Amino acid sequence: MLYPLLWMVSSSLKPNDLIFRDPSLLPAAWDLTNYTIGWNALAHPFTHYLANSAVVVAGAVLGNLVSCSMAAYAFARLNFTGRRLWFAIMLMSIMLPIHVVIVPQYVLFSELDWINTFLPLIVPKFLATDAFFIFLMVQFFRGIPKELDEAARLDGCGHIRIYARIMMPLSLPALATTAIFTFIWTWNDFFGQLIFLTSPDMYTVPVALRTFVDSTGSSNWGALFAMSIVSLIPVFVVFLFGQKYLVKGIATTGIK
């Protein structure tokens, strides 16, 4: 499992002509210039693409935390007509592959003149479009005793205050799990960002990495592997610091 990652780290430290000729993990010759070359090889320094990805990820995480938690609260705590039907429809949407909805989404965003902006990647997250996270939070909310809600109502709290002051503080593991998964999936997303971002100035990290590969065969593999290592650092840091909440959130929602 670790060999491909170790091989990529090793390849980022090798000269280009040795990457595919020398299979060992310990480079026969060291070449640290891959990082400096890769950082400045594209139209902008690599910090530009890191910043673009950070904007998209921040919007996606915030959107999922707000919208999915509100939708989950409604399914878990409110009694409304057709709740089970809408919950079933929501779960069925998980089975829809992205390739089924990408064309109508593109047409819609094109009519809104959102193509080549970050809006198609961020705005849907504020509309609770990720059913997996809604289901995750619904399961967590159902494990919180309803007596807390009843006690809050006796003190004069409405649904908004119950949601904000009781459910949210008690749902930190589920919220952290949602944030971590959203961060990783959005940071690594290539297909959606490739479809909606057409200008090199708007490229995020996954799309920028793809530009290192040239179909004519003159790809700069050393720079590509070096920047790939750089792009993995935020994911590794987020997972490292959020692993405790991730495990707790998954384990808690699974206990029934």
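Trainee: Say a pocket is an open set of points on a 1 Å grid over the protein atoms alone, with protein on both sides within 12 Å along at least five of seven lines, and lining residues have an atom within 4 Å of a point, unlike a cavity, where a 1.4 Å probe fits but cannot get out. Which residues lie nearest the centre of the largest pocket?

Mentor: Those are Ile98, Gln105, Lys125, Thr129 and Asp130, out of 31 lining residues. Keep in mind that this is a predicted model, where local features need pLDDT of at least 70 and side-chain atom pairs need 80 or more, while totals for chains, interfaces and linings use all residues. Residues are numbered from 1 along each chain as its sequence is written, and side-chain values use heavy atoms, leaving out hydrogens and water.

Trainee: OK, what's the volume of the largest pocket?

Mentor: About 950 Å³, counted as the space filled by probe spheres set on grid points joined across faces, edges and corners.

Trainee: And which helix supplies the largest share of its lining?

Mentor: Helix 5, with five residues. Helix 5 spans 98–111, and other helices giving at least two residues each include helix 7 (131–142) and helix 10 (172–188). Helices here are DSSP runs (H or I, at least four residues), numbered from the N terminus.

Trainee: How does that lining divide into nonpolar, polar and charged?

Mentor: There are 20 nonpolar, eight polar and three charged residues. Asp, Glu, Lys and Arg count as charged, Ala, Val, Leu, Ile, Met, Phe, Trp, Tyr, Cys and Pro as nonpolar, and the others as polar.

Trainee: What about the second largest pocket, what lines that?

Mentor: Leu5, Ile229, Leu232, Ile233, Val235, Phe236, Phe239 and Leu240. By class that's eight nonpolar, no polar and no charged. Helix 13 (residues 221–254) gives seven of the residues, and the volume is about 210 Å³.

Trainee: Switching topic: is Ser69 buried or exposed?

Mentor: Ser69 counts as buried because its relative accessible area is 0%, and the cut-off is under 20%. Ser69 is in helix 3 (residues 46–77).

Trainee: Which side chain does the Ser69 side chain make a polar contact with?

Mentor: Tyr163, at 2.6 Å. A polar atom of the Ser69 side chain also lies 2.9 Å from the backbone oxygen of Val66.

Trainee: And where's Thr36?

Mentor: In helix 2 (residues 33–39). A polar atom of the Thr36 side chain lies 2.9 Å from the backbone oxygen of Thr33.

Trainee: How many residues separate Thr36 from Pro200 along the chain?

Mentor: They are 164 residues apart, with 20 Å between their C-alpha atoms.

Definitions and conventions:
Buried < 20%, exposed > 50% of the residue type's maximum accessible area, 1.4 Å probe, protein only. Polar contact = N/O pair within 3.5 Å; in protein donor to acceptor, adjacent residues only side chain to side chain.
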